[in-house]
Amino acid sequence: SVPATNLEIHGGTFQQVFGGGNGERGASFGADVNGNVNLKIYAGTITSVFGGSNANGTISGDMNVSIDAENGNTCGTEIVEIYGGGNQAAGKAGTITINNCDAVIDTLYGGAKAADVSNNIVLNLVKGQIGSAFGGNNVSGTISGTITVNVNLDDCASLDYVYGAGNKAPYTGSPIVNVNNGTVNKSVYGGGKG
């Protein structure tokens with residue numbers, strides 16, 4: 001375990017990026033982070049970005065994932081999927097902030113890929129070129145907290161679909177979707193995709 005993590009990506013090509021640790025599935029201990037996770041991406045081509053850990057490992061502090069522009073350079077950020085939580089590691093999900101209007105993101109999840117999430121999820125959609133945004137999880141896992149999706153898009157932003165809950169993963173609560181500003185190109189759903 002480590003006390004905290006601070007990870008910055010300024011370019012390059014990656015399959016996966018994790019704010020937390022790797023861990024071993026089914027182990028009695030994980031690659032825990034006993035504090036905050038700060039993950040900033042300025043540029044790069046990445047398949048999957050996770051605010052949390054991979055197979056095992058809890059995070060006790062706050063989790064922040066941000067996509068930022070560096071020195072006025074807004075180009076060169078392409079991400080297939082971003083998760084506020086982990087891959088298969090149960091735990092928290094963090095805050096996702098997109099501060100780069102030209103960042104191309106296929107899919108954004110407030111929760112995890114296939115793991116339980118133990119806290120509230122707030123997804124703030126302001127910038128970026130985003131295909132689909134889900135408040136919940138992707139494949140599986142339960143969310144014990146609330147989900148709030150805030151859509152307040154800048155003029156430079158592009159967003160196709162908004163879902164209050166998850167993709168294939170169920171959510172037993174009542175997600176809140178607030179559309180305050182901007183153009184959603186296709187559809188807004190209060191629930192999940194199914």
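The questions and answers below walk through a predicted model of one protein.

This is a predicted model, in which local features need pLDDT of at least 70 and side-chain atom pairs count only at pLDDT 80 or more, while totals for chains, interfaces and linings use all residues. Residues are numbered from 1 along each chain as its sequence is written, and side-chain values use heavy atoms, with hydrogens and water left out.

User: How many helices and how many strands does the protein have?
Analyst: Helices (H or I, at least four residues) and strands (E, at least two) are DSSP runs, numbered from the N terminus. Read along the sequence, the pattern is β-β-β-β-β-β-β-β-β-β-β-β. The count is therefore zero helices and twelve strands.

User: What percentage of the residues count as buried?
Analyst: Buried means under 20% relative accessible area, exposed means over 50%, and partly exposed lies in between (1.4 Å probe, protein chains only). Of the 194 residues of the protein, the buried share is 49%.

User: Which residues have the most contacts inside the largest nonpolar core?
Analyst: A nonpolar core is a set of buried Ala, Val, Leu, Ile, Met, Phe, Trp, Tyr and Cys residues joined through side-chain atoms within 4.5 Å. In soluble globular proteins, nonpolar side chains tend to be buried together. The largest core here has 35 residues, and those with the most contacts inside it are Ile82, Leu125 and Leu159.

User: Is Val126 buried, partly exposed or exposed?
Analyst: Val126 sits in the loop between strand E7 (121-125) and strand E8 (129-134). Its relative accessible area is 30%, so Val126 is partly exposed.

User: Which residues does Val126 contact, leaving aside its neighbours within four places in sequence?
Analyst: Contact means heavy atoms within 4.5 Å. The C-alpha atoms of Val126 and Asp155 are separated by 9.2 Å, although these residues are 29 residues apart along the chain. The contacts of Val126 beyond those neighbours are Asn152, Leu153, Asp154 and Ala157.
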